[in-house]
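Trainee: Could you take me through how salt bridges and interfaces are read in a model of this kind, with the cut-offs behind each term?

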Amino acid sequence: MKIRLIFFGILALALVIASYFSEYLCPYDPYLQDLGNAKAVPSAAHIFGTDRYGRDMLSRVIVGSKTSIYSTLLLVAFITVLGTMIGVFCAWKGTWVDTVLMRISDVFLAFPGLVFALAVAAALGGGVHNAIIALGAISWPKYARVARSETLAQKETVYLRAAKLSGCGTWKLIFKHILPNITGPILVTAMLDIGTMMMELAGLSFLGLGAKPPVAEWGSMMSDTRNLLTTHPWVTLAPGCAIFVSVMIFNLLGDTVRDWLDPRNGR
Amino acid sequence: MTEVIRYEHVDISYKGKRVVHDVSFSVEKGEILGIVGESGSGKSTLIKAAMGLLGKDGLVTRGDIWYKGMDLPDLKPREMRKLCGTELGMIFQTAGSSFCPIRTVRAQLYEFMTEHKKIKADVFENQAEELLEKFGFEDPKRVLDSYPFELSGGMQQRVGIAAAMLLNPKILMADEPTSALDVTVQKQVVEEMLMVRETFGTSIVLVTHNMGVIRAMADKVLILHEGEIMEYGVTEEVFEHPESVYTKKLLAAVPKLRR
Amino acid sequence: MKKYVLHRFLQLIPILLGITFLSFAMMRLAGSDVVTEMYQNRGTEVSQEIIDAKRAELGLDQPFLIQYGRWLGGMLTGDMGESYMTGKPVFPTFLSKLPATLLLTALSIILTILVSIPFGILAAVTHDKIPDLILRFFSFIGNALPNFFVAMLLMQLLSIKLQLLPVISDGVTLKSAWMPALTLAVSMSAKYMRQVRAAVLEEWNKDYVQGARARGVRSRVILWKNVMKSSMLTIITLLALSIGNLLGGTAIIESIFMWDGVGKLAVDAITMRDYPVIQAYVVWMAIIYVLVNLITDLLYHRLDPRIRLGVTKG
């Protein structure tokens with residue numbers, strides 16, 4: 001179990017670091033056009049071949065990781081923090097603030113999956129940033145819900161009452177006692193969400209609502225090259241496989257973290 | 001008296017770890033054997049082994065459990081199934097959770113019967129009602145109509161015993177049948193089991209950590225500690241003149257017991 | 001039960017108000033000046049007077065909340081404005097495209113059920129043995145594939161290599177529906193099979209299974225009559241929840257396969273900034289989703305005797 005955790009953790013970390021330094025890792029300039037060498041079949045020089053402008057696909061896939069992986073992680077980190085803050089706040093405050101915020105989250109949860117994200121993206125216009133805002137808008141309620149119910153459970157524990165009675169201040173209670181105890185479930189939710197978010201971000205880009213060509217992003221690259229699928233499948237399949245592999249690594253890591261934190265497994 | 005079931009040098013391991021070691025005993029017709037021990041002493045495992053309920057992690061690694069010339073751990077699941085319910089009955093700590101929560105008692109008892117023999121619904125109805133009446137239920141129809149969760153804890157337990165007796169098994173394996181109940185209800189359940197022995201001549205293997213219940217019911221008692229037999233003998237003698245150190249400590253730990 | 005139904009319907013009101021308000025506000029903020037937008041889209045130059053007149057006609061000079069009230073009133077009578085692009089009323093257009101999406105959704109749900117329920121059960125009963133491991137492997141792969149990628153793989157395989165099904169739909173026919181439905185079903189089955197497996201496994205480990213075994217009931221009977229009956233409740237609920245993902249997912253798949261449903265309508269509208277159409281899509285999809293969830297919830301209450309008989313503790 002522990003070995004699995006370390007293995008996938010390192011794999012995912014490597015992916016993240018690679019995506020951060022992606023510019024320095026690609027063999028060619030991902031935006032350099034070479035029309036003389038367009039739609040080249042995969043070869044030693046161009047492992048994934050080249051697209052219709054003669055751009056090296058491998059380099060584009062590598063650079064694409066910056067948007068796809070790095071942005072997704074930022075997004076997940078952001079909504080995790082935001083959602084947790086809202087959830088803890090609601091649980092701690094109670095009263096009408098809680099009711100109002102939870103009703104609002106109900107409304108957000110009432111929109112089916114990507115429908116709302118489509119609407120937000122449409123309202124704000126294209127671009128990676130707007131796509132991220134759109135996905136953030138549909139996913140914070142989930143975190144707020146988890147954080148809220150976990151905090152409520154913690155509030156009822158004997159040790160917290162004891163801490164409170166012994167004169168522990170609100171902030172100290174929240175930061176020292178509540179947050180450390182609710183991070184587990186929230187972390188699991190977040191880890192398992194990374195893959196989904198990655199796919200949804202790519203989906204929005206695929207529709208032209210996220211990253212736009214020529215920016216290298218896996219979803220938009222696939223959309224951009226999809227009419228080459230019949231004749232030059234590698235151009236489309238390369239970014240597709242990149243999404244597949246990264247989602248799989250993060251899902252495996254998420255599953256491992258969940259199993260690891262599951263009290264039934266008795267670490 | 002005739003011997004009904006005999007354990008011979010039984011070893012049981014769970015997930016590769018030995019939990020029961022070299023246990024031998026036998027139960028005669030109409031006899032009540034109490035098996036006492038702390039939780040984790042392997043006492044429930046002993047009766048589960050006879051019922052084939054050890055699950056995929058548990059295994060009888062040595063010894064035999066003889067019933068009517070059959071070695072129970074060696075039986076194929078298909079043969080074992082036919083014995084369960086008809087020859088060997090079982091009652092659980094919480095009988096309520098031994099029934100599926102979203103089906104009525106009637107549906108489940110009928111299913112139980114039809115799994116073992118062909119029977120018409122109205123014949124079953126009469127038999128079940130008659131049996132429940134014997135167990136002191138005034139309105140058997142209502143009990144049969146109920147979902148398990150609609151009955152109180154004590155009622156559930158009594159229905160559990162009645163259900164186990166539906167096909168008149170020779171042995172009743174009782175796994176902590178009183179532990180989850182209030183003291184007043186405990187008494188009722190103890191009387192019920194004594195009645196079963198009286199009317200049906202059933203042998204009972206009673207697993208519990210409650211010394212009071214043992215003293216009230218068991219003819220013989222077997223004291224189990226960490227999977228090994230500490231003492232095995234007639235209840236009166238074990239209680240009055242315990243031989244092993246462990247038994248003495250166990251008896252000393254129990255508050256005054258007088259019948 | 002009656003009281004519960006009433007309670008649920010009352011709960012629906014603030015949710016529906018929230019949905020409509022949010023959809024309205026978002027589109028109004030986006031298309032801040034609807035009138036200029038409208039004329040720009042139609043490609044005609046107009047004077048300021050005409051614009052002002054049109055604004056007054058549409059009530060855009062009124063305060064925001066009054067505009068929302070009017071819009072809501074219009075929505076209830078089936079008037080959701082006109083498309084900037086075609087000038088046709090939005091609601092009838094939406095309604096005319098809805099059957100295609102419903103057909104696609106229904107077909108993919110049926111495919112999903114046919115695949116994931118039997119395999120999910122198989123995986124649960126062969127827990128940690130070979131069939132379970134194989135099925136889990138496939139479900140894992142499916143979970144990591146975005147549906148547009150699945151679409152392309154299926155196109156490559158079924159349409160181009162094997163030439164079994166048409167790549168692009170030629171109208172709303174059952175034959176053209178197979179490809180998009182299959183695509184949606186692949187992604188959904190992968191997720192759903194996992195959930196079915198978990199639900200069955202949870203029931204399978206409950207005490208009553210051991211109780212039934214001790215009574216000598218055959219495994220087959222325990223599984224089909226007891227375990228399945230209990231886990232069906234969870235399975236139905238989970239299915240309804242995944243319908244939400246499906247409704248959102250159709251948009252991408254419909255536009256890939258040129259399937260003429262509301263999803264494609266919306267995606268086209270987004271590229272054209274045709275806000276009334278997007279608005280109608282968002283509001284109605286959310287309403288459909290909320291209603292599906294409500295029906296599931298009521299069904300759950302109907303089926304579970306513990307809740308039906310008002311016993312809170314099992």
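Mentor: We can begin with a single side chain: Asp255(A) is buried, with a relative accessible area of 11%, where buried means under 20% relative accessible area, exposed over 50%, and partly exposed in between (1.4 Å probe, protein chains only). Please keep in mind that this is a predicted model, in which local features need pLDDT of at least 70 and side-chain atom pairs count only at pLDDT 80 or more, whereas totals for chains, interfaces and linings use all residues. Residues are numbered from 1 along each chain as its sequence is written, chains are lettered from A and ligands numbered from 1 in the order in which they are written, and side-chain values use heavy atoms, with hydrogens and water left out.

Trainee: With which residue does Asp255(A) form a salt bridge?

Mentor: A salt bridge is a side-chain nitrogen of Lys or Arg within 4 Å of a carboxyl oxygen of Asp or Glu, and the partner of Asp255(A) is Arg258(A), with the closest N and O atoms 3.5 Å apart. The two residues are 3 residues apart in helix H10 (residues 233–261) of chain A, and are therefore separated by about one helical turn; helices here are DSSP runs (H or I, at least four residues), as strands are (E, at least two), both numbered from the N terminus. Arg258(A) is partly exposed, at a relative accessible area of 34%.

Trainee: Which parts of chain B does the pair of Glu240(B) and Arg215(B) tie together?

Mentor: Glu240(B) forms a salt bridge with Arg215(B), the closest N and O atoms being 2.7 Å apart. Glu240(B) lies in helix H9 (residues 235–240) of chain B and Arg215(B) in helix H8 (residues 211–217) of chain B, so the pair links parts that are 25 residues apart in sequence. Of the two partners, Glu240(B) is partly exposed, with a relative accessible area of 44%, while Arg215(B) counts as buried at 13%. Salt bridges may also share partners, and in this way Arg4(A), Asp255(A), Arg258(A), Asp259(A) and Arg194(C) are joined into one network.

Trainee: Turning to interfaces, how much area is buried between chain B and chain C?

Mentor: The size of an interface is often given as the accessible area lost when the parts come together. Here the area buried between chain B and chain C is about 2,300 Å², of which carbon and sulfur atoms give 60%, the buried area being the accessible area (1.4 Å probe) that two parts lose on being put together, summed over both. Ile102(B), Glu115(B) and Phe149(B) supply 29% of the area that chain B buries against chain C, more than any other three residues. In terms of contact (heavy atoms within 4.5 Å), 25 residues of chain B meet 25 residues of chain C.

Trainee: How many salt bridges are counted between chain B and chain C?

Mentor: The count is 1: Arg218(C) forms a salt bridge with Glu115(B), with the closest N and O atoms 2.6 Å apart.

Trainee: Which elements of chain B give two or more residues to the side that touches chain C?

Mentor: They are helix H1 (43–51), strand S6 (88–91) and helix H3 (105–114) of chain B. H3(B) gives the most to that side, with 3 residues.

Trainee: Where do the domains of chain C lie in its sequence?

Mentor: The domain assignment, which is an automatic or database one, gives domain 1 (1–90) and domain 2 (94–309) of chain C, and their C-alpha centres lie 33 Å apart. The contact takes 25 residues from domain 1 of chain C and 22 residues from domain 2 of chain C. The area buried between these two domains is about 2,200 Å², of which carbon and sulfur atoms give 74%.

Trainee: How many salt bridges does the rule find across the interface of domain 1 of chain C and domain 2 of chain C?

Mentor: The rule finds 1. Elsewhere in our reading of chain C, Asp297(C) forms a salt bridge with Arg8(C), the closest N and O atoms being 2.4 Å apart. Helix H1 (2–30), helix H2 (34–42) and helix H4 (64–76) of chain C each supply at least two residues of the side of domain 1 that touches domain 2, and H1(C) gives the most, with 13 residues.
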